[in-house]
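I put down what I looked up, entry by entry.

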Amino acid sequence: MKVTEAEIVISAVSKKQYPETHMPEIALAGRSNVGKSSFINKMINRKNLVRTSQKPGKTQTLNFYKINDRFHFVDVPGYGYAKVSKKERNAWGKMLEEYFTERENLKAVVLLVDIRHEPTKDDVTMYDFLKHYELPVVVVATKLDKIPKGKRVQHIKRAADKLQLEQEDIILPFSSETGEGKEEAWGVLKQFL
Ligand code: GDP
């Protein structure tokens, strides 16, 4: 997809702040530092529309980015920070549950995992949560440039096995550094728009 327009619409903390629109949405989830911001920026050809690495302690928001006046990317705050307090974690959980279970615009969720490592317990929990709500999941395995070419197939298989991917779910290798996987990712995401 050729992206000609991309802008942040709102950073929402509750559903009354979600944009009032019928445009489809694709959400992006993953643990902090997995490369979520870099993925969005690469997909939309912007260096820094999405600021990288939201640190804990900052307000955790759902960030809606309008793309080509056609759909929204919804950036979901990252998980897996040990330092986050129980109160913060509960607020985060409630916000996500509300969004994932009630938002009709939501068509699919991109779950990002780091191709170098086996998916974490949190990654598996997130995948199971999304499947529980019957959401289509596209797994994007980031940081592809950091492993040797000969290990790609093995690492992808390991991630798919660990998550116990369902037949209809897709896993795609991706590098924000080289752009590899970008066309394939658009090819998959377009089907949900
Ligand atoms: P976020 O916390 O999930 O939004 O992660 P960021 O997008 O901020 O990325 C975390 C770090 O990983 C940054 O230093 C990025 O430059 C780096 N990074 C993200 N994606 C890639 C990638 O595909 N390849 C490489 N080599 N580094 C990446």
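Which residue in E6 does aspartate 114 stand opposite? I looked it up: aspartate 114 stands opposite threonine 142.

Before going on, I note that this is a predicted model, in which local features need pLDDT of at least 70, side-chain atom pairs count only at pLDDT 80 or more, and totals for chains, interfaces and linings use all residues. Residues are numbered from 1 along each chain as its sequence is written.

**Entry: the whole chain**

I listed five helices and seven strands in the protein chain. Helices (H or I, at least four residues) and strands (E, at least two) are DSSP runs, numbered from the N terminus. Read along the sequence, the pattern is β-β-α-β-β-α-β-α-β-α-β-α. The radius of gyration, taken over C-alpha atoms, is 16 Å, close to the 16 Å of the globule rule for 193 residues (2.2 Å times the number of residues to the power 0.38), so the protein chain is as compact as a globular protein of that length. The C-alpha trace spans about 50 × 40 × 30 Å along its principal axes.

I then checked burial. A residue is buried if 20 or more other C-beta atoms lie within 10 Å of its own, exposed if 12 or fewer, and partly exposed in between, with C-beta atoms placed from the backbone. Buried residues are 34% of the 193 residues in the protein chain.

For contacts, the C-beta atoms of two residues, placed from the backbone, must lie within 7 Å. Of the contacts between residues at least 6 apart in sequence, 75% join residues at least 24 apart.

I went back to E6, residues 137-142, and found six of its six residues buried. In a regular strand the side chains alternate between the two faces of the sheet. Here Val137, Val139 and Ala141 point one way, while Val138, Val140 and Thr142 point the other way.

Two strands pair if DSSP finds at least two bridges between them. E5 and E6 run parallel and are joined by six bridges. Together with helix H3 (residues 121-132), E5 and E6 make a right-handed β-α-β unit. Right-handed is used when, with the strands pointing away from the viewer, the path from the first strand over the helix to the second runs clockwise.

E6 also runs parallel to strand E7 (residues 170-173), with four bridges between them. In this pair, valine 140 stands opposite leucine 172. From E6 the chain crosses through helix H4 (residues 152-163) to E7, and this β-α-β crossover is right-handed.

Is lysine 143 buried or exposed? I found lysine 143 in the loop between E6 and H4, and it is buried, because 20 other C-beta atoms lie within 10 Å. Its phi is near 65°, a positive value in a residue other than glycine.

Aspartate 69 has a positive phi of about 55° and is not a glycine either. I placed aspartate 69 in the loop between strand E3 (62-67) and strand E4 (71-75). It counts as exposed, because it has 9 C-beta neighbours inside 10 Å.

**Entry: arginine 103**

I located arginine 103 in the loop between helix H2 (86-102) and strand E5 (106-114). Its 15 C-beta neighbours inside 10 Å make it partly exposed. Neighbours within four places in sequence aside, arginine 103 is in contact with Tyr18 and Glu25.
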